[in-house]
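Please keep the sequence and the structure in view while reading.

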Amino acid sequence: MILGLTGASGFLGRELIKTASSQNHTVIGFTRKNATTIPGCQETRIFGPNVDLSNVDAVIHLAGETILGLWTKEKKREIRESRVQGTKWLVDAIEKSRITALIAASGVGIYGDRGEEQITETSSPGTSGFLVDVAKEWERAGAAVESFGTRFVPVRVAMVLGAGGGAMQILAPVFRLGLGGKLGTGKQWMPWIHLADVAALFLLAATCDTIRGPLNAAAPEQVRNQQFTSIFAQVAQRPEIFSVPGPLLSLLLRDQSALLLDSQKIRSAVAEQNNYTFKFPSLKSALVDAMRLQKD
Ligand SMILES: NC(=O)c1ccc[n+]([C@@H]2O[C@H](COP(=O)([O-])OP(=O)(O)OC[C@H]3O[C@@H](n4cnc5c(N)ncnc54)[C@H](OP(=O)(O)O)[C@@H]3O)[C@@H](O)[C@H]2O)c1
């Protein structure tokens, strides 16, 4: 299959290129940067208005402003606009082409703060919050391709654990210094997934004709923040002494504290129905692997 991949230069994109190549797929990478070649891609094209999807069978859409960093007004505008606008460029191009599937990154943030509720892909999205609103708008923009007969799968990705990017870049140094600790009450459910499983699930969605609609990318072992902290400290071989009170996080980070304090107990029912076997089903195995490869 010839896959078009936006965000190919990013943390998930680089892993997807490796996994796609190992499954004998060809990848055409898309980037905003002129005259760039992305390792592992057969060809690199520009991502922007009038995006060229010729000879592409399916598109995996990962591009978007990172949610890491402080959410200033300008940053929030960029997080939202980069995702919605980029998706609209693809939808316009897909209307003129014969793409079979659009597989787009979304986030588990779409579910909002759900306490003890067991969430699957059939659960309703949350009702309020910045991430809920952005993810809903983003998914709505992508769903427009269904009217052209193109299959649409928003992949609702949990916190990704893998070396070289994402959460590990922040968590590994903190825990190595012995500064890691529970956040708020520590009772909130914290969905996570290993990088290798995210890449495999995006490819499953791209190649399996019967998958349509949301797919949760979250590992089967469900943990609360407190358990996450304990296992991380154990793997880093450091004590877990510190804890950060929820009200302090809310005061410092305002709506961004939802990233750390919202509770989401998420199951990937679609992966189960498709007999997907997780490479890293347990948090400990995922962290051991990610820490082993993480240099910082
Ligand atoms: N990592 C996670 O834990 C996680 C969890 C849930 C959801 N996700 C979602 O999965 C997607 C991929 O994540 P990632 O961790 O691979 O992200 P990443 O490393 O930040 O890479 C995203 C890519 O998007 C492009 N990009 C960056 N800023 C952009 C902007 N303002 N407008 C348009 N394109 C921009 C960049 O490609 P070029 O510079 O080459 O154009 C970049 O390589 C993101 O949409 C993210 O929100 C990630």
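Strands S2 and S3 pair in the parallel sense over 4 bridges; pairing requires that DSSP finds at least two bridges between two strands. Within this pair, Thr31 stands opposite Ile46 in S3. Helices (H or I, at least four residues) and strands (E, at least two) are DSSP runs numbered from the N terminus. Residues are numbered from 1 along each chain as its sequence is written. The model is predicted: local features need pLDDT of at least 70 and side-chain atom pairs count only at pLDDT 80 or more, while totals for chains, interfaces and linings use all residues.

S2 (residues 26–31) also runs parallel to strand S1 (residues 2–6), joined by 5 bridges, and Gly4 has Ile28 in S2 as its bridge partner. S1, helix H1 (residues 11–22) and S2 form a right-handed β-α-β unit; right-handed means that, with the strands pointing away from the viewer, the path from the first strand over the helix to the second runs clockwise. Because 5 of its 6 residues are buried, S2 is largely enclosed by the rest of the structure. Buried means 20 or more other C-beta atoms within 10 Å of a residue's own, exposed 12 or fewer, and partly exposed in between, with C-beta atoms placed from the backbone.

Helix H5 (residues 195–207) is mostly covered, with 12 of its 13 residues buried, including Phe202 and Asp197.

Asn55 lies in the loop between S3 (43–46) and strand S4 (58–61). Asn55 is not a glycine, yet its phi is positive, about 65 degrees. Asn55 is exposed because 12 other C-beta atoms lie within 10 Å.
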